[in-house]
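Hello,

Here is the structure I promised to pass on. My notes follow it.

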Amino acid sequence: MERRHFLNISGLAVGSMLVPVFGRAIAAEELLKPMAVGAKKALADTALDAATKAGASYCDVRIGRYLTQYVVTRDLNVEDVTNTESAGIGVRVLCNGAYGFAATSDMTPDGVAGAARQAVAIAKANARLQSEPVQLAPLKGVGEVSWATPVQKDWRTVPIKDKAELLIAANKAGMDGGASFMQSMLFQVNQQKYFASTDGSYIDQDIQRLWAPLSATAVDKASGKFRSRGGLSTPVGMGYEYLDARAADKIRAAGGVATLYTRSYDIVEDARAAGRDAKRKLTAKSVTPGKYDLVLSPEHLWLTIHESVGHPTELDRVLGYEANYAGTSFATLDKWESKNFKYGSALVNIVADKTTPGSLGAVGYDDEGVKCKRWDIIKDGVLVSYQATRDQAHIIGEKESQGCSYADSWSNVQFQRMPNVSLQAGARKLTPDEMVKDVKKGIYIVGDGSFSIDQQRYNFQFGGQLFYEIKDGKIGQMLEDVAYQSNTQDFWNACTALCDERDWRMGGSFFDGKGQPPQISIVSHGSPTARFNGINVINTARKIG
Amino acid sequence: MSILNQEQTKRICDRVLSYSKADECVVTVNGSRNGNIRFARNAVSTAGLAEDTAVSVQVAFGKRQGTASINEFDDKSLERVVRRAEDLARLAPENPEFMPTVGKQDYKRSATFDARTAAIDPEYRAQAAAYAIEACRKNKLVAAGFFADGTSFSSVANSKGVFGHQDQTMLDFTCTVRTEDGRGSGWVKRSATEAARFDPREAADVAIEKALRSVDAKALEPGRYTVILEPAATSELLGAMLSGFDARRTDEGRSFLSKKGGASRLGDKLFDEKVNIWADPWNQDVPVLPWDDNSLVARQRMELIKDGKVNALQYSRYWAQKKGVQPTATPGNIVMAGTDKSTLELIASTKKGILVTRTWYIRMVDPQSVLLTGLTRDGTFYIENGKIKYPIKNFRFNESPVTMLNNIEEIGKPVIIGGDEVPFQMSIPAMKVRDFNFTSLSDAV
């Protein structure tokens, strides 16, 4: 039985990407019809009441309406336009010290009350296996409040025709630039989330996110070789204004090897450059393996931060709750308790937050009704905290939750998910070009590529999109077949320079998987361009057949 | 409401088709009831149940297509969803690659439903978790795991007379057992359509044994080794490669199956002659629906690799028409031929080698050669003179499944394994492979 429904998006730079598709397809005009707050409150109260009457000591209810629109283009064709809606209610309860959860798309009072009673029955069945009762950090109800992503242009109001034309224009530019094939996509998300709990919170949130990935592939049929270059945009917690391509939001990569983007993105310009780069990759020099000083752009480094700092400092992993799937973590509690575990060099300051405007993780309240905030995870290179939810806060001596609870759907139970986790900019004024001047033998990497890391987050391997040789302080020729392998602690302790805040920007993941059943989350990671000395680079070229 | 029978869905499909004024109409009705229990640190962490049912309508006017769905099934709602799909189709851009919906198909029923699996309740799930938790508590070990079961139905129909309805069940159990000091870790996975094939005690015991045997791992130098790969170590590698058996990408020159000069490797001997891999919806171990959900094309047995030769590629309906060949349904399962040899027999015939029981975090490094990277996990052992000598630390590998299937020395007995990051149910054997490329050591346990 095929248990998951995937949209198979082939042709991205790293091969094929399987994107989970939730929900039902609906007509475009329906995207704009929200459910009335009063009706949501009445349904929530029905569930809270039914759960309490059935014996729950705590109950929270999430009424969700999740809207997505995907526009997929290939070369000069629109391959797919999909609008989906998924609406329903998820009820989580505590009974006899154990959790129970049930969800239904039946949004009638009877359906909702039935789900609440089902959740209590499940909690009772689980309680006999519970070794210690769930302990929730105190939380005062906030009454009736609301929060919305600040957007200038709501993607739901932009005609599909305009979106299709923009993507086709990008594909055409890529092919003009040198690509044999182009693919570009627009993922747009609106989450209408209503949270209510027996603590007395009724929180209505309207969240918008957008991502416009592309891939250019150049084929040389004579040699049988093909190479791809992915786009250099980032997924954002913004509206359609991200695609406005403002000149003020463009910056030049070190050595002028690429144009990079900050608060808006020029997809047509980047597609043209991607076509040109993909073609150049066909004849680029294959890297000589060995130790190099790496200069990593924020378009690349976000993914290394995500895998080697974001995931290992998730408290549920540290404690063993993810042991069966994503794994555990090398960043164990004893290292944190020692107050001197050198995660990285003294330059490394890493902050968790769910408040940065434009980031994927920015919301007003998490999925347990906790107001979002910002805190240190690594301070001057030392591990100082983790990412915790209400039932974990007491384990790290916190009096309140850090607000890291998230569920990707009304039908899945909320659990600990990564907030935005970002590397702070350097205090000393430094541009990427100035950073390169000090490097004798290095590689400049722009864009994210292949990624893999072990289940305790020690050993990792990363690729990228663009690789340039650095020789005696100058950026030289394009390289290919580059991947670097390192150990998390070695890598972060090899961090020897950071550019300043003028160069700080975010990358992020639109489809970060974790948990069982698997749930998808969204998270941004900011950083400046950073330098790491003496990192092991391998050559990935192979011959088959 | 979530599980509808054939009579009910046929009525819904007929009603929808009767409302459509478009050139053509395709209806799908799906419903599911999924339950699960998750445990960690020897206690239940979460458990839940989710139900959902929906009807989806796809219509086309010429080359313009629209899709809409609804989860209400009265006549008024069904008519409304058809009108919405039609409105959307009128606004949609023309798709030059549009293909009209398929004509009559022969959907030969496959055995995807089991009444015992459908009857699984919260008590059953809690008991499945309890076996592992209690056994681990007794042995001073720590269990984490996940049991999920589901019952669903799928109905498809179109305006050219196609109709199919089938019920499905599934269960999936994974369990990781770790020593309290974190120096040993073992894992097990069991997937089945039929509950009778699942024994939670047997499964928990496998993970426990691996955890106990993996303590105090020694470090070996990275390099090329003869390896015995259990099915959980190769399933994702094979899945990643077989997802790429696509005719269009091959013909366009952007697949590992494309050759110099623009030709394809179809018919070439790319793998060891012992390798035979096919898809078969009626396979008794890994039955899947007899149709492809997206195209409605009836699935057939499809020999992908025969005696080491690339035997077939997948043709979408558009590409098949362009190339003048028959379209193929996307496979839902993967079956690889094996032998009667147990993994112990493969070990017994190995002078020096490494037993890999699981691989993890596998990602494409270079699609040109299907170079994949990933790591061993939860039980890796050194073999000498036909016996497991001691546990070893985990390795990162950089290897292509094409090379792996070329370097096969011996094949074992197939077992059922569900896909994790690849969308296939699989029946694949353990394999002994020479020169497998480990590129670095990992400290992870």
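How far apart do the C-alpha centres of domain 1 of chain A and domain 2 of chain A lie? They lie 22 Å apart.

First, the ground rules. This is a predicted model, where local features need pLDDT of at least 70, side-chain atom pairs count only at pLDDT 80 or more, and totals for chains, interfaces and linings use all residues. Residues are numbered from 1 along each chain as its sequence is written, while chains are lettered from A and ligands numbered from 1 in the order in which they are written.

**Inside chain A**

Domain 1 covers 6–279 and domain 2 covers 285–539 of chain A (bounds come from an automatic or database domain assignment). In chain A, 54 residues of domain 1 are in contact with 49 residues of domain 2 (C-beta atoms, placed from the backbone, within 7 Å). Strand 9 (201–211) of chain A gives the most to the domain 1 side, with six residues (strands are DSSP runs of E, at least two residues, numbered from the N terminus). By class, that side has 32 nonpolar, 14 polar and eight charged residues (Ala, Val, Leu, Ile, Met, Phe, Trp, Tyr, Cys and Pro count as nonpolar; Asp, Glu, Lys and Arg as charged; the others, Gly among them, as polar).

**Between the chains**

Chain B puts 94 residues in contact with 74 residues of chain A. Strand 2 (residues 43–61) of chain B gives the most to the chain B side, with 12 residues. That side has 38 nonpolar, 35 polar and 21 charged residues.

Strand 2 of chain B also runs parallel to strand 6 (residues 98–104) of chain A, and four bridges join them (strands pair if DSSP finds at least two bridges between them). There, B:Ala50 is the bridge partner of A:Ala103.

Best wishes

Key: Two residues are in contact if their C-beta atoms, placed from the backbone, lie within 7 Å.
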